[in-house]
Amino acid sequence: MIFIIAWERISPYRKGLPFFRDGFWVDLVWYTIIQSYFLQILIFKYIIPVIQNCIHWHGFAFFRSWSITEQVLFFLVTHDLYIYLFHRMQHASKLLWRTHEAHHSGKEIDFLAGSRSHIAEIIINQTIEFAPIVILGAHPEVIPIKALLDAMFGMFIHANVNVKFGKLKYFLNSPELHLWHHANYREVFHANFSTKFSVWDYLFGTVYDPGRKPGDNRDNWGLYYDYPKDYFLQHAFSVKRFDEKKLLKYKWFKFYYGLRPNMIVALKKLFRLNKGATIINMHPPGDLPPSLMVADADENIINYN
Ligand SMILES: [Zn+2]
Ligand SMILES: [Zn+2]
């Protein structure tokens, strides 16, 4: 992650994209930390054991004779083909699109943007990814290795980095192809579905590689329709369409809608206050000579009483 963040600063694909970009905290706090934490418990402690108990099968005996590397490669390739096909279906079916639009909702794509995936999408894809590893009796180390590779590839293909893969692009996926998949153009709505191996897009004729960039305007990226910014509203929107502006007439919604932005404003104020407070003693401002009075970033004199 540190390497990719540094790379994004040194050689950005889109210049001027801020580190704390639009939706950064939703992606980090809700999708990357909280959602991932609870879903791994759900998938590994409840869903996979139930499937295992239902089928009463202990996998192929020959499979256990494979090395860990061979097993990882096997699951890497087979799951990547599955994810290509399912991803393609998500773009073709109105119902499945509801589980995938969140991933396309960001207008500023960076290393963290790939984490934005609807709960249903993660449950389906990670169950199909990890259940066979457990059921086929693969070495337990295959799971963390595979999960680490997923995280690394996920960060890489969404990273805001300028990368030219040359001939390797026909085999391995990179931001060069996947950032186009997040662009708001009709031409790419059914293209560049690959995750790790771009070879699927070349094999099945779904690659879009015009050799230029989508553009730096917000309209060039993300969805063509309005989409909520809040984690819970994003999930509610996948079940029932609504217009946030119209719902603001309800007091409870107005309260909830303003909760997150108000908290951010309050936190920013607190942060500024603390920054100021570190360089001042606790005497009331009246006791201090004017040169020691401290102003916060908005030039308001802070009252330390
Ligand atoms: Zn997609
Ligand atoms: Zn993506």
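Biologist: Which residues coordinate the zinc ion (ligand 2)?

Modeller: Donors are N, O and S atoms within 2.8 Å of the metal (3.2 Å for Na, K and Ca), and since water is not among the atoms, sites may look incomplete. Here H103, H158, H178 and H182 each coordinate the zinc ion (ligand 2) through NE2, at 2.0 to 2.1 Å. This is a predicted model: local features need pLDDT of at least 70, side-chain atom pairs count only at pLDDT 80 or more, and totals for chains, interfaces and linings use all residues. Residues are numbered from 1 along each chain as its sequence is written, chains are lettered from A and ligands numbered from 1 in the order in which they are written, and side-chain values use heavy atoms, with hydrogens and water left out.

Biologist: What geometry does the site of the zinc ion (ligand 2) have?

Modeller: Four donors count as tetrahedral if all angles lie between 85 and 135 degrees; four count as square planar and six as octahedral if opposite donors are over 155 degrees apart and all others between 65 and 115; anything else is irregular. The angles among the four donor atoms here run from 94 to 155°, and the site is irregular.

Biologist: How are the donors of the zinc ion (ligand 2) spaced along the chain?

Modeller: Their spacing is H-x54-H-x19-H-x3-H. One pair links distant parts of the chain: H158 belongs to helix α7, while H182, 24 residues apart from it, is in the loop between α8 (175-181) and α9 (199-203). Helices (H or I, at least four residues) and strands (E, at least two) are DSSP runs, numbered from the N terminus. The chain has twelve helices and zero strands.

Biologist: Are H158 and H182 buried or exposed?

Modeller: Buried means under 20% relative accessible area, exposed over 50%, partly exposed in between (1.4 Å probe, protein chains only). H158 is buried because its relative accessible area is 4%. H182 is buried as well, because its value is 0%. Buried residues make up 41% of the 305 residues in the chain.

Biologist: What is M155 in contact with?

Modeller: Contact means heavy atoms within 4.5 Å. Leaving aside neighbours within four places in sequence, M155 touches M1, I4 and F111. M155 lies in helix α7 (residues 142-158) and counts as buried because its relative accessibility is 15%. M155 and I4 are 151 residues apart in sequence, yet their C-alpha atoms are 7.7 Å apart in space.

Biologist: Which aromatic cluster includes F111?

Modeller: Rings of Phe, Tyr and Trp (its six-membered ring) pair if their centres lie within 6.5 Å; planes under 30 degrees apart count as stacked, over 60 as edge-to-face and the rest as tilted. F111 forms one cluster with F19, F20, F24 and W25.
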